[in-house]
Number of protein chains: 2
Amino acid sequence: MTESSLIGFTKGSVTDATFNATNPATGETSETSFCHASGEDVSNACQLASDASLAMAALSGAQKGSFLRDLADRIDGLVDQLVVTMTAETGLPEPRVRGETGRTTFQLRMFADLVESGDWVDARIDRAQPDRQPLPKPDLRSMLRPVGPVVVFCASNFPLAFSVAGGDSASAWAAGCPVIVKAHHAHPGTALLVGNAVVDSVRASGLPEGAFSLIFGDGRTVGQSLVKHPAIKAVGFTGSRAGGRVLFDLASQRDEPIPVYAEMSSVNPIFILPGLGNEKMSEIAAGLQGSATLGVGQFCTNPGIVFYPRGAGGESMVSEYVEKMKESTSAPMLHKGIREAYAEGLDSLERLDGVEVLVSSANDTGQGQCHAGACVLSTDSKTFLSDERMVEEVFGPSTLLVSYETPSDLLRIADFLEGQLTASLFGEEMQLSEFEELLDLLETKAGRLLFNQFPTGVEVCPSVVHGGPYPATTDGRSTSVGTGAILRFARPVCYQGFPDHLLPDELKEGNPMEISRHEA
Amino acid sequence: MTESSLIGFTKGSVTDATFNATNPATGETSETSFCHASGEDVSNACQLASDASLAMAALSGAQKGSFLRDLADRIDGLVDQLVVTMTAETGLPEPRVRGETGRTTFQLRMFADLVESGDWVDARIDRAQPDRQPLPKPDLRSMLRPVGPVVVFCASNFPLAFSVAGGDSASAWAAGCPVIVKAHHAHPGTALLVGNAVVDSVRASGLPEGAFSLIFGDGRTVGQSLVKHPAIKAVGFTGSRAGGRVLFDLASQRDEPIPVYAEMSSVNPIFILPGLGNEKMSEIAAGLQGSATLGVGQFCTNPGIVFYPRGAGGESMVSEYVEKMKESTSAPMLHKGIREAYAEGLDSLERLDGVEVLVSSANDTGQGQCHAGACVLSTDSKTFLSDERMVEEVFGPSTLLVSYETPSDLLRIADFLEGQLTASLFGEEMQLSEFEELLDLLETKAGRLLFNQFPTGVEVCPSVVHGGPYPATTDGRSTSVGTGAILRFARPVCYQGFPDHLLPDELKEGNPMEISRHEA
């Protein structure tokens, strides 16, 4: 069977260039083949999105909310099919598929709530002062409006929650933008299941055809031509540092540069402060093992580097952690490319002078050549600080344990680190005041700071920040998780001297939407 | 006499490479010479800014407010000196200098109000739910924090309000960022007067030395090395499209890309709808002349292209406008480079097929070779739509009048336009409902839409948007005027599981700053 892209309400070209999904657990190939989109498919999708821009921008919060809720219901209804297709395409276990389905539909409904209430638009009102001296003040009112068509790249590690109808798409639709999704080669069947649901919701909710297209194809050709297309006004991406940077560079070099929100690379450092008791250190070892191996280490917030005090219970924490990691079961990673990158990353790290291997990742990659085991490496802070390659992310269930001698080592370490999604501190609450400088420094390096908590398990809520300075993302002023993600796809527009009936409802004098506004 | 850069609290190098200011009205050269900053000056300024980052970020709103108010007072006290220096360097008349001084200190105090109240930080609070099933919810709180050291380029056309202590610097300081200002070659003495006041305020307010440096030098060498320096985290610029794009490209190509807020190029189209009476058309001709020649046409929001209905009073408006523009007095532009670019821009436009010259700019450039007169060109919409060069900004007091036949011509024109700071409609209120599609389209093209008002005279207030899609700016999600400008220099940071005493005041449980917060 052969499937092709979804270009608005029609099917894309049936081309000779096809690809199949592979089960990373077994190496089996899917029966269904997926056609690479043609150049015409790409330009048709972009044209449809462009044509849909004004109609999408004109949708009320209620209309957008109704679409997002309808889509959430449809995806909930697909969960049994998703369990079959997604487990086969990703090797992820059934509970993860059900959990991620719930996360996805929760996000869609969260954005529905947000746009129905309408508060997100940062409405600002300065009323006219006709008698002001020396000049009258005009009436000015501003609010956030959609940026236009958005391209979203499916994330390999979140086939639902950061793919076709995931956080990037949901926030772009919520802002009033048409969305073109580029499917990930590893889970096209999952993408198509959700993609068909989106098309059904677009039709059922009366949205314009160009509100959504789903493109199958190679990132280097099809993906890049999407980013270069003049109709596209912003890009959402979750993936590798190299991949994100290519898209960012392309987008910056366009005649009209556009923003790229690429969430890329983070080692999510953990700082264990000195002076914790054995019980606490033992708890940390256990919690760290859970966090480091969750989802075979394939979360963006996976804790890759841990700084622990030499002596002071540090060594016993290390031995406990090593024992636990040795017991971790090997499991399939998402696809061969990720498994190979894991092996290469470990190999580079192991070769660095002064790095010791405490737990070696199993070489047996299993039937699907994708299985990977946990790995633990260690070094000391002096060695760590001497080589920039130490800070490179190894995507997978590995940990680099770095011992330090004095609190001032921690400042040097924090200064040495690149931008991160998260940074976590473990310590006694009383003691934390001594480390305020470390906290201040880490704040400049990470989007989310945690105290006595592990960084995996990202809450979806208004306060969360899933972002951070480069290379964590290409735009450290943004979050890709939580309600704040909508701000990525909006721009302020000011209306000066407008008659009330032509203002958007959010800015009308009577405040018919009853939203909170900044009024002067 | 020789002056050099201000590197924190010390003077920069006295170098052999110097430049002088020239009076554009008379051609006279300033007695004072200004030394180009050395490479060491630049790296010292960046190092100081970097060293000051944490201390600046730790300032309370009250401390920042106190600094901004102290600086505003000092600049108010300088006004008589500014009148002397700035008129000599720019040819601008005394009332303009006094007016722009007031605008500058108004902006500083506006940002003081903003940070003292503290509401701007978008504080968000999600409280812990320890009993939530299946997993407890942690406590998450987020707010905006400063991005780090910012480089600000002085604008040629706003020697005070968008220069050393202008809107970009004020908003960056308000956000808690150190600022390095690159002076404009045309008004170094004005920059130094204000720069010395900033140094005094930094000292008096107890801010760290690196809170401010002022760099003299060439944009292509010194300016670019500032943008490339790893310590710099954002850039503010107001100037030409070519200049802004160079900085944007440099910043995007860095190992760590940084945002550039360049406000560049806009023709600020004016659409005169059909059906207005003669009296109204006559009013428009008069208002347009005032707006187009204000400040010798050297405002970013200068209305460069006007679309008017053929017949229906359009021709009489044109003849009235032509008469008024003929009567406009020639006056010096800001410097020779701008005057030459004006001549070249007019020359290119005049050579295009189908463009007619109705008022020719005087060739007499006066003693300082900078005088320029008003110019009016005309064409029809068909000709206009056939050549992309028609939409290029000619910086100066010139207007291209474009006749159209039918309302649908206006849609084609709006679609053809590039991104703009502003777009203005003139018409009867009753009639505007027929042009909703035009309004929707213009909303995607401009940061500020005006009804029956001219775009010059930008209000400084919370609702204003001085920004717009490329090439109006390099970041259409931002405004460089008004309180919203602070958002350019901030990024969200989330604190998860933090003890209350270590949270920023804005996020503490008791809300000691009494700010408005989003609490779930």
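Analyst: A residue is called buried under 20% relative accessible area, exposed over 50%, and partly exposed in between. The model discussed here is predicted.

User: In which class of exposure does A:Glu514 fall?

Analyst: A:Glu514 lies in the loop between β22 and β23 of chain A, and its phi is near 50°, a positive value in a residue other than glycine. Most residues other than glycine have a negative phi. The relative accessibility of A:Glu514 is 70%, and the cut-off is over 50%, so A:Glu514 counts as exposed.

User: What is the relative accessible area of A:Ser424?

Analyst: A:Ser424 is found in strand β20 of chain A, residues 420-426. Leaving aside residues up to four places away in sequence, A:Ser424 touches A:Pro269, A:Ile270, A:Phe271, A:Leu450, A:Gln453 and A:Pro455. A:Ser424 is buried, because its relative accessible area is 0%.

User: Which strands are the edge strands of the open sheet?

Analyst: The sheet has 11 strands with mixed pairing, in the order β16(A)-β18(A)-β19(A)-β14(A)-β13(A)-β20(A)-β21(A)-β22(B)-β7(B)-β6(B)-β23(B). An edge strand here pairs on one side only, and the two are β16 of chain A and β23 of chain B.

User: What angle does helix α9 of chain A make with β13(A)?

Analyst: Helix α9, residues 278-293 of chain A, packs on the sheet and touches β13, β14, β19 and β20 of chain A. Helix α11, residues 336-351 of chain A, lies across β16, β18 and β19 of chain A and runs at about 25° to β18(A). For α9, the angle to the direction of β13(A) is about 170°.

User: Which residue is the bridge partner of B:Arg124 in β7(B)?

Analyst: Strands β6 and β7 of chain B run antiparallel and are joined by three bridges. In β7(B), the partner of B:Arg124 is B:Ser142.

User: Which residues of strand β9 of chain A point the other way from A:Val179 and A:Val181?

Analyst: In a regular strand the side chains alternate between the two faces of the sheet. Strand β9 of chain A runs parallel to β8(A), with four bridges between them, and A:Val152 stands opposite A:Val181. A:Val179 and A:Val181 point one way, and the residues pointing the other way, buried as well, are A:Ile180 and A:Lys182.

User: What omega does the cis peptide bond of B:Tyr470 and B:Pro471 have?

Analyst: Most peptide bonds are trans. In chain A, a cis bond joins A:Gln133 and A:Pro134, with omega about 0°. B:Pro471 is placed in the loop between β21 and β22 of chain B, and the cis bond joining B:Tyr470 to B:Pro471 has an omega of about 5°.

User: What kind of axis relates chain B to chain A?

Analyst: A rotation of 180° with 0.0 Å of shift along its axis superposes chain B on chain A, with an RMSD of 0.0 Å. That relation is the one of a two-fold axis.

Terms used
Residues numbered from 1 in each chain as written. Chains lettered and ligands numbered in written order. Predicted model: local features only at pLDDT ≥ 70, side-chain atom pairs only at ≥ 80, totals over all residues. Heavy atoms only, no water. Buried < 20%, exposed > 50% of the residue type's maximum accessible area, 1.4 Å probe, protein only. Contact = heavy atoms within 4.5 Å. Pairing = 2+ DSSP bridges. Axes fitted to C-alpha atoms, helices over the stretch in contact; angles between N-to-C directions. Least-squares fit on C-alpha atoms with pLDDT ≥ 70 in both.
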